[in-house]
Amino acid sequence: MLAGRTPLGAAGCGRLLAAGLRPLLCGLSPCWVTAGRQYPALRVAEPAKEKRPVRKEQRSGLVVRRFIACPQLVRTVRRCLQRGAGLGPQPVLLEFAPGPGILTRSLLDAGFRVVALESNSDFLTDLKSLENSLNGQLKVIHGDFFRLDPLAKGALKPPAVSSEKLFETMGVAAVPWRADVPVKIFGIVPQQLERNRLWRLLFAMYECSSIYRYGRVELNLFISEKEYTVLTAKPGKSKVYQALTVLAQLGYEIELLHKQLPNDHLCLVRLTPQQNLFTGGLKPSNASTFIFMVKQSFAKPKSRLTDRLYSWSLDNSDKLLKALEIPKNAAMYNLYPEDYKRLFEALQNSDMFAETFFHDEVLATTRTMNL
């Protein structure tokens, strides 16, 4: 362990408490620190009473954040992030919301070049101190990963930050889509508005906007087991096979790195954009139309594809389905992700179809996902 990298002990817990945050630490058994603002009667939980590694707070107005706390989970995550690394220079790792920096220190010890994006000013002092003790291996930026590139006009005030400024600070230039991964990102997705955050990332990836303007950025995210089940669902399961499923499986190579069970029900998932995503008729310029087509298809997942095509004013649907080798009676939730892409590409070439059909709906959906 390098000089200046001390674990979070009693002093660290004291700083969390003083900052208005609530740590949940029980010796080395818990895997997480859960912190929330403006929580009265702050105290460290007693080991005998703490049975779950993560405690969910239900207080209204409480913003809960999770940080990895136990050494065993730190080592597991570090090994997962090292998995698949080649022999050459490794891309920089962006860690968002590192909090007290327990994992950050372990990654630095393992030789990672880390950029820490932290929104809470209470943690920035220690992270900046750690940055100053090193020789460029760590960069600390005041910002919130889920407030990247907001729609608001004018100068951005932290923790809002632009991806252009972020990547400039990291020293990462844009590369072609089919090139190697330029940046790896790690973080724990807050469960509050988790689905909405995943949708925002998906929109940005399909449109090659925000972080994806720089290439196929690799995401390594802790998400809920519920959302992981949706991302990896199979056709025919109407309750979990959704528009998000189709678009994620088409757009990402999805790899489960680790499951944190039984109490936390969190999954560490690697989402690597597909090199061949933009082939055929699908392009970043019409990707929002494709996304809305899939979303509209799942408004009634058990409806027949022929009925959906008829609602889009396509009178030659039988001929189209025959050419695509899709059964006439196929329901929307029975189609594979590749079927949706082939359908979209066929519609692009149809004289009866125009992208302007979805124009207003696409704009409304895009605005909603960026709120």
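**Exercises on a predicted model**

Glu325 is placed in the loop between helix H11 (317-324) and H12. Helices (H or I, at least four residues) and strands (E, at least two) are DSSP runs, numbered from the N terminus. The model is predicted: local features need pLDDT of at least 70, side-chain atom pairs count only at pLDDT 80 or more, and totals for chains, interfaces and linings use all residues. Residues are numbered from 1 along each chain as its sequence is written, and side-chain values use heavy atoms, with hydrogens and water left out.

**Exercise 1.** Determine whether Glu325 is buried or exposed, and describe its phi.

*Solution.* Step 1: the classes are buried (under 20% relative accessible area), exposed (over 50%) and partly exposed (in between), with a 1.4 Å probe and protein chains only. Step 2: Glu325 has 72% relative accessibility and therefore counts as exposed. Step 3: its phi is positive, about 60°, although Glu325 is not a glycine. Step 4: most residues other than glycine have a negative phi.

**Exercise 2.** State where His265 lies and to which accessibility class it belongs.

*Solution.* Step 1: His265 is found in the loop between strand E8 (252-260) and strand E9 (266-273). Step 2: its relative accessibility is 38%, so His265 counts as partly exposed. Step 3: His265, not a glycine, has a positive phi of about 55°.

**Exercise 3.** Identify the residues that a cis peptide bond joins.

*Solution.* Step 1: the bond is between Pro158 and Pro159, with omega about 15°. Step 2: Pro159 belongs to the loop between strand E5 (138-142) and helix H5 (163-170). Step 3: most peptide bonds are trans.

**Exercise 4.** Describe the surroundings of Pro337.

*Solution.* Step 1: Pro337 is in helix H12 (residues 337-348). Step 2: with a relative accessible area of 2%, Pro337 is buried. Step 3: leaving aside neighbours within four places in sequence, Pro337 is in contact (heavy atoms within 4.5 Å) with Tyr241, Val246, Gln249 and Leu250. Step 4: Pro337 and Leu247 are 90 residues apart in sequence, yet 7.1 Å apart in space, C-alpha to C-alpha.

**Exercise 5.** Name the residues through which H2 and H3 meet.

*Solution.* Step 1: Val74, Val77, Arg78 and Leu81 in H2 meet Ile102, Leu103, Ser106 and Leu107 in H3. Step 2: by class, this contact has 6 nonpolar, 1 polar and 1 charged residues. Step 3: Ala, Val, Leu, Ile, Met, Phe, Trp, Tyr, Cys and Pro count as nonpolar, Asp, Glu, Lys and Arg as charged, and the others, Gly among them, as polar.
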